[in-house]
Amino acid sequence: MLHGVLDPQPGRLAFALFDGENLLHSACQMMHPRDASQVPEFALNELARCQVRLQDVCRWTFGAGPGSFTFLRVVAALGAGWSVNNPALRFRCVPGALALAATLDLAENESAGILYDGRNKELLCFGVKKLNSVLIPTGEELILNSDNAKKYFAENPMKLAAFAQEKEVLQKLLDSAVDFSTAEPDLTALVKFPGEFDNDTDRMCYIRPAVNS
């Protein structure tokens, strides 16, 4: 069964098409919340590159953040609109942070933190854990300034990852006191997530709704 993924990331939108858990095609386009009108065209163009029609994809997973309130809502609303015209289409919203956590090679029951630029000289940390070989949110969602972050990660050592496009600003906040990795997110983690395809557009991870990419 064909399974599409759209994941709003800091400053860009990622697309992937899977057959089951096998990746068929992936692409990224630089994009910001103000570019919302480009989202449908981008998705449809990438499907066309695979010679696939929208109606051929009956499963969609949308990245649910953390991230920009506007960007996340636009992508989820697109899925809702598609499902109106195609009752067979089922979608779900899954934390996009899981795709970055998948690059950390976590051990069973190991937790990690996915870092985001929170603006206002703060960072966001979204907790992820590997349980039964699947990455899931821990429920820990933090807003930390520079001093609080250094203290927190010193007291709670864990693997940390961030998006490459936010590396510079996060390094300035953390100095050399906290190490984190950057890598290309693995969207397979979103496909493997065990959540139901419930067509619920409200399962978003904002942490702070005012965050803008």
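Here are some questions and answers on the fold, the sheet and the cysteines of this predicted model.

Residues are numbered from 1 along each chain as its sequence is written, and side-chain values use heavy atoms, with hydrogens and water left out. Since the model is predicted, local features need pLDDT of at least 70 and side-chain atom pairs count only at pLDDT 80 or more, while totals for chains, interfaces and linings use all residues.

Q: How many helices and strands does the chain have?
A: Let's take DSSP runs, numbered from the N terminus: helices are H or I of at least four residues, and strands are E of at least two. On that basis the chain has six helices and ten strands.

Q: What is the strand order of the open sheet of five strands?
A: Two strands pair if DSSP finds at least two bridges between them. The edge strands, pairing on one side only, are β3 (22–30) and β5 (90–94). Pairing in this open sheet is mixed, and the order is β3-β2-β1-β4-β5.

Q: Which residue in β4 stands opposite Gly 4?
A: Strand β1 (residues 2–9) and strand β4 (residues 59–63) run parallel, joined by four bridges. In β4, the residue opposite Gly 4 is Trp 60.

Q: At about what angle does helix α2 run to β1?
A: Axes are lines fitted to C-alpha atoms, for helices over the stretch in contact (heavy atoms within 4.5 Å). Angles run from 0 to 180 degrees between N-to-C directions. Helix α2 (residues 69–85) lies across β1, β2, β4 and β5, and its angle to β1 is about 155°.

Q: How many disulfides does the count come to?
A: A disulfide is a pair of cysteine sulfur atoms within 2.5 Å. By this rule the count comes to zero. For Cys 28, the nearest cysteine sulfur is that of Cys 50, 14 Å away. Cys 58 is in no disulfide either, its nearest cysteine sulfur, also that of Cys 50, being away by 16 Å.

Q: Is Cys 58 buried, exposed or partly exposed?
A: Buried means under 20% relative accessible area, exposed over 50%, and partly exposed in between (1.4 Å probe, protein chains only). Cys 58 has 21% relative accessibility, so the label is partly exposed.

Q: What radius of gyration does the chain have?
A: The radius is taken over C-alpha atoms, and the globule rule is 2.2 Å times the number of residues to the power 0.38. With 213 residues, a compact globule would come out near 17 Å. The chain agrees with that, at 17 Å.
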